[in-house]
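Hi,

Here is the structure I promised to pass on to you.

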Amino acid sequence: MRMSKLLIPTLKEDPADAEVVSHKLMLRAGMIRKLTAGIYSYLPLGCRSLRKVEQIVREEMDAAGAQEVFLPMVQPSELWKESGRWDLYGAELLRFKDRHDRECCLGPTHEEVITDLVRRDVRSYRDLPLNLYQIQTKFRDEIRPRFGLMRGREFMMKDGYSFDATEEGAEEAYRTMWDAYSKVFARCGLKFRAVEADSGPIGGSFSHEFMVLAQTGEDTIVSCDSCSYAANMEKAETRPCEPAEAQVESAPKKVSTPGMSTVEQVSQFLRVSPEQLIKTMILSSENGPVAVLIRGDHDLSPVKVKNYLKVADIELADQRVIEEVTGGPLGFSGPVGLDRVTILADHAVRGISSAVVGGNEKDVHLVDVNPAAAFRVDHYGDFRSAVEGDPCPRCEGKLILTKGIEVGHVFKLGVKYSEAMNAKFLDAEGQERPMIMGCYGIGVSRTIAAAIEQNHDEDGIIFPPPLAPFTAIVTPVGAKSSEIDLAAEQVYRDLWAAGMDTLLDDRDERPGVKFKDADLIGIPFRITIGKKALAQGKVELRNRKKKEIELVEISKIADVVKEELEKWASEVRS
Ligand code: ATP
Ligand code: MG
């Protein structure tokens, strides 16, 4: 692979429309180019990295006993209607009609197709368990495609599906995939964490997300500073707190709070801390409105409320509903005298001894409110998002918040699809039963972006060697001489012969330009061939990450790079 012949259009400047570092660097390194919003072409370097991730994933899936298949991207609406998702899946599902006026969609995921495939050919418990996977392009018409490969509309995913006859089997399949995912991301050389994730209100299901740790991550990971508890923000549990000793015997008092509707405004105006306020949020779901009480300094977790109520969707109620339910305008809702709706309250509300709440009247709040006596709560529960410093739900430790990027997701589905789509098998007693399913995704293209978010510096990408488009780059420098060219050629061949994919920078460029490009595209090892060292039979080996340079005898260079690679792998493992 000679650089003079490869299409590697590197850019000196950051492209204007790229916000995150991985997007900027992949464009600058000439790995990808945008075709249109959320849709990218992979140039040779990008394609090589993609194939490397795919290969690691493939090897670990095969080793775990999963079988590779390749499913169609265009899917008929009938299957999606059977599963019920034709109506439930939002605008991310790209729908269209073919020339015969048949409704189709582009696959954002393949539960329907795989369930249909398996139900046709698998009839007996003897054919189970089964674990099938594919590595394929997915299409999701994301509302805000952004950050390059991080959130594309068209992207590469490994999706796998397991089918089992028993619960125990399904749980074992889940654990096997969990282990395989850990191996995949460890082999990629990434710092990652598996966290408990929300699996919605489906019974018997659970899920974990695999997060690459990076400050720039969109997701927040909640973990304990002393035990192994880790969950994503939606799922992270908070501990119930003890009810406060009542301090107020008197009835709540009305106070005037003209124009003060936010927690900040009210707490400043009344000179109380936000922890003393109770926010009363009126939410709407398909089952009608509900009120949720949250301590002023906490954030509502819509997912937790949704799961508790077992509803598909929940959102803040509009003005009209708020007025109907509370009798007052937005910003002044409160629980006292609220008798037209169910009232849910977060545990922390109990810990407030004398609270400030909305008065259900314009410009009015109530003070001296005792949650234990002044209003009805139908159910106390965990309805808020965790915050840094919260007590761990499992031990005496404290919770800490870190940022991460979701690169993988394992999900025990249970019988959701097999029941809806009638994927049944005959058990040993001849009884017909639904197969128990799991689904497992890896964002193959997102993994490259995540690797770059985690590993870069001001000069460019620092690829972990397993994901680098090339392991090494040979860079002849100085005035053109046949001696240097011959040595470069020899080193280049030696490295390939030793099994390392190597790039030869044979361009007629100044050393500075060559070095800059090599750093930008993040090749782990650079071997510089220059006149001075060569006179002693040596070449320079530079480690992209450590930026250290050592002189190596030309005949030993392939061995030394190999040793360096092994050293890298053992450092990552430890
Ligand atoms: P997100 O929460 O980031 O939107 P998701 O939970 O909807 O993702 P899954 O259905 O779990 O995604 O898909 C499996 C994996 O595919 C994800 O873990 C992620 O790595 C990857 N992925 C999902 N959406 C995208 C996207 N728009 N662009 C790139 N990769 C994606
Ligand atoms: Mg997910």
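Predicted model: local features only at pLDDT ≥ 70, side-chain atom pairs only at ≥ 80, totals over all residues.

Glu406 is partly exposed, at 22% relative accessible area; that label covers everything between buried (under 20%) and exposed (over 50%), worked out with a 1.4 Å probe and counting protein chains only. His409 also comes out as partly exposed, with a relative accessibility of 22%.

Residues are numbered from 1 along each chain as its sequence is written, chains are lettered from A and ligands numbered from 1 in the order in which they are written, and side-chain values use heavy atoms, with hydrogens and water left out.

Now for ligand 1. How many residues surround it? There are 14, and Arg140, Glu142, Arg151, Gly152 and Glu406 are the closest; to be near, a residue needs a heavy atom within 4 Å. By type, this shell holds 5 nonpolar, 4 polar and 5 charged residues. Nonpolar means Ala, Val, Leu, Ile, Met, Phe, Trp, Tyr, Cys and Pro, charged means Asp, Glu, Lys and Arg, and the others, Gly among them, are polar.

The side chain of Glu406 has an N or O atom 2.7 Å from an oxygen atom of ligand 1. Another oxygen contact goes to the backbone, where an N or O atom of Val407 lies 3.4 Å away from ligand 1. A nitrogen atom of ligand 1 sits 3.5 Å from a polar backbone atom of Met150. On its own ligand 1 would expose 580 Å², and the protein buries 81% of that (areas by the Shrake-Rupley method with a 1.4 Å probe; for residues, only the protein chains shown count as cover). Strand 8 (154–164) and strand 21 (399–414) each give two or more residues to the shell, and strand 21 has the largest share, with 4 residues. Helices (H or I, at least four residues) and strands (E, at least two) are DSSP runs, numbered from the N terminus.

Next, helix 6. An α-helix has 3.6 residues a turn, so residues three or four places apart point the same way. Just after helix 6, Gly189 takes a positive phi of about 80°.

Most residues other than glycine have a negative phi, and most peptide bonds are trans. Arg271, however, has a positive phi near 50°; it lies in the loop between helix 7 (263–270) and strand 14 (278–285) and is exposed, at 76% relative accessible area. Asn422 has a positive phi of about 60°, and its place is the loop between helix 11 (416–420) and strand 22 (424–426). Leu128 and Pro129 are joined by a cis peptide bond, with omega about 0°.

Which residue is 6.4 Å from Ile473, C-alpha to C-alpha? That is Phe525, 52 residues apart from Ile473 in sequence. Ile473 belongs to strand 27 (residues 472–476) and is buried, at 0% relative accessibility.

Finally, the whole thing: the protein has 16 helices and 31 strands, and 53% of its 574 residues count as buried. Its C-alpha trace spans about 95 × 65 × 50 Å along the principal axes.

Cheers

Technical notes. Polar contact = N/O pair within 3.5 Å; in protein donor to acceptor, adjacent residues only side chain to side chain.
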